[in-house]
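Work through the exercises below with the sequence and the model side by side, and try each task before reading its solution.

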Amino acid sequence: MADCIFCKIINGEAPAKKVYEDEYCVAFHDISPQMPVHIVVAAKRHVASILEFKEEDKEFVGGIQLAIANIARELGITENGFRVINNCGKDALQTVPHLHYHILAGGKMGAKIV
Ligand code: AMP
Ligand code: ZN
């Protein structure tokens, strides 16, 4: 999609510190990290959110989930743990309308998500 920053990163039209890529997603350091480790995992398909997936997208959805686990292993954050977040829609304060997950790690987080 023309004006989508994550599409531009995926296409190489915008810079990003990429850490992982496969057929389903691209992962890169968040530009405004909320934790010492803050990775954005963006779907390699422009959909605004998980709400747009259909039955036939099961492999794609599962591929992203497996990628998240692989990224966590590659980053060396599996022992201490990490948080995976998907903000969906306005109440969740989703700011980039291109499906993505946040991987947060590198320190103790709060017991509550909100
Ligand atoms: P969300 O609020 O869930 O939509 O998350 C969007 C995330 O993308 C925020 O954490 C932003 O800091 C991050 N972000 C926005 N633009 C960029 C960019 N050009 N490179 C890396 N991260 C970005
Ligand atoms: Zn996009």
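Predicted model: local features only at pLDDT ≥ 70, side-chain atom pairs only at ≥ 80, totals over all residues.

Residues are numbered from 1 along each chain as its sequence is written, chains are lettered from A and ligands numbered from 1 in the order in which they are written, and side-chain values use heavy atoms, with hydrogens and water left out.

**Exercise 1. The whole chain**

Task: Find how many helices and strands the protein chain has, and in which order the elements run from the N terminus on.

Solution: Begin with the count, where helices (H or I, at least four residues) and strands (E, at least two) are DSSP runs, numbered from the N terminus. On this basis the protein chain has 2 helices and 5 strands, and the elements follow the order α-β-β-β-α-β-β from the N terminus on. The next step is the radius of gyration, which is taken over C-alpha atoms and compared with a globule rule of 2.2 Å times the number of residues to the power 0.38. The value for the protein chain is 14 Å, close to the 13 Å that the rule gives for 114 residues, so the chain is as compact as a globular protein of that length. Along the principal axes, the C-alpha atoms fill a box of roughly 35 × 30 × 25 Å. Finally, buried residues (under 20% relative accessible area; exposed means over 50% and partly exposed in between, with a 1.4 Å probe and protein chains only) make up 38% of the 114 residues.

**Exercise 2. The zinc site**

Task: Identify the protein donors of the zinc ion (ligand 2), and explain why their arrangement is called tetrahedral.

Solution: Donors are N, O and S atoms within 2.8 Å of the metal (3.2 Å for Na, K and Ca), and water is not among the atoms, so sites may look incomplete. Four donors count as tetrahedral if all angles lie between 85 and 135 degrees, and because the 4 donor atoms here subtend angles of 105 to 117°, the arrangement is tetrahedral. Along the chain, the donors of the zinc ion (ligand 2) have the spacing C-x2-C-x38-H-x51-H. Within this set, Cys7 in helix H1 (residues 5–11) and His46 in the loop between strand E3 (37–43) and helix H2 (58–75) are 39 residues apart, and this pair links distant parts of the chain. Cys7 counts as buried at 10% relative accessibility, whereas His46 counts as partly exposed at 25%.

**Exercise 3. Two histidines**

Task: Locate His98 and His100, and decide whether His100 is buried or exposed.

Solution: His98 is found in the loop between E4 and E5, and with a relative accessible area of 0% it is buried. His100 has its place in strand E5, and its relative accessible area of 5% means that it is buried. The side chain of His100 reaches the backbone oxygen of His98 at 2.6 Å, a polar contact being a pair of N or O atoms within 3.5 Å, where within protein one must be able to donate a hydrogen and the other to accept it, and residues adjacent in sequence count only if both atoms are side-chain atoms.

**Exercise 4. Helix H2**

Task: Check the length of H2 and list its buried residues.

Solution: The expected span of a helix is 1.5 Å times one less than its number of residues. The 18 residues of H2 should therefore span 26 Å, and its end C-alpha atoms are 26 Å apart, which agrees. The buried residues of H2 are Phe60, Gly63, Ile64, Ala67, Ile68, Ile71 and Ala72. What covers these buried residues includes strand E1 (18–21), strand E2 (25–29), E3, strand E4 (82–85) and strand E5 (100–105). Just after H2, Gly76 takes a positive phi of about 70°.

**Exercise 5. A loop residue**

Note on methods:
Tetrahedral: all angles 85-135°; square planar, octahedral: opposite > 155°, others 65-115°. Contact = heavy atoms within 4.5 Å.
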